[in-house]
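Subject: The structure I promised

Hi,

Here is the structure we talked about. Have a look at it, and then read on for what turned up.

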Amino acid sequence: MIALLDTSEDLAVCQGELGCDVGQLLTPLTRFRLQRPELPWGIDNGAFARFEEKAFLSLLQREEHRKATCLFVVAPDVVGSARRTLEVFDRWKGRLAAWPVALCIQDGQQDLEIPWEDIAAVFIGGTTEFKLSAAAAPVIKAAKTLGKWAHVGRVNDPARFAYFEGLGADSCDGSGISRYSHMRRAISKRDNQENLFEEHA
């Protein structure tokens, strides 16, 4: 599983600390530049903190010349609500048609249809309880069966990394592993499992 980092730190150093391949996850919150465009990269919308449409569109415009190599752009979402997220997605998918779009999977998605024909990826978001539940795991499996990229947000501890790696997720991100060497080094020692339900924002 590749770790996509929202960071300005040296990616080679981060990779050495994590013990896995790395790339970058650009966000309108930090607006870091791609250090090494040849590495895997994607764009998040920043909605977990607060969605700012102008900043999001500005980031897409800045990186438009590289969109052919982008793994995914996360369409705007509503944290904790799959139904509201699907409504927002339906109104944004046309504006993002030139990009490989990811649908952010939120609480309640297990009871709703995923628009597979309209997306290139799924981004497992939602509350911690949903993310680690039996409802979220089949989404990753379905994505892989259909040839879609599967990314997981907020993966900051060894047990969570190992869990989603075991499910077959392609990539993950986390604010902790983007910022802190000690959290990256803990991931590299993930055979020593930490509490899976430990919360890291």
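Below are some notes on one helix, its aromatic neighbours and the nonpolar cores.

A word on the source: this is a predicted model, where local features need pLDDT of at least 70, side-chain atom pairs count only at pLDDT 80 or more, and totals for chains, interfaces and linings use all residues. Residues are numbered from 1 along each chain as its sequence is written, and side-chain values use heavy atoms, with hydrogens and water left out.

Let's start with helix H3, residues 82-92. Helices (H or I, at least four residues) and strands (E, at least two) are DSSP runs, numbered from the N terminus. The buried residues of H3 are Ala 82, Thr 85, Leu 86, Phe 89 and Trp 92; buried means under 20% relative accessible area, exposed over 50% and partly exposed in between (1.4 Å probe, protein chains only). Looking down the axis of H3, these buried residues fall within an arc of 125°, so they line one face of the helix. (The arc is taken from the directions from the helix axis to the C-beta atoms.) Their cover includes helix H2 (53-62) and strand E5 (101-105).

Next, the rings. Two of them pair if their centres lie within 6.5 Å, counting Phe, Tyr and the six-membered ring of Trp; planes under 30 degrees apart are stacked, over 60 edge-to-face, and the rest tilted. That rule gives 5 aromatic pairs. In one of them, Phe 51 and Trp 92 have ring centres 5.8 Å apart and planes at 85°, so the pair is edge-to-face. Phe 51 sits in the loop between strand E3 (41-43) and H2, and Trp 92 in H3, so this pair ties together parts 41 residues apart in sequence. Phe 51 is partly exposed at 26% relative accessible area, while Trp 92 is buried at 8%. Trp 92 also forms an edge-to-face pair with Phe 56, at 5.8 Å centre to centre and 65° between the planes. Here Phe 56 comes from H2 and Trp 92 from H3, 36 residues apart. Phe 56 is buried, at 0%.

Finally, the cores, meaning sets of buried Ala, Val, Leu, Ile, Met, Phe, Trp, Tyr and Cys residues joined through side-chain atoms within 4.5 Å. The largest has 51 residues, and Ile 43, Val 122 and Phe 164 have the most contacts inside it. Helix H5 (residues 137-145) gives the most to this core, with 4 residues. A second, separate core of 9 residues includes Val 74 and Phe 123.

Cheers

Conventions. Contact = heavy atoms within 4.5 Å.
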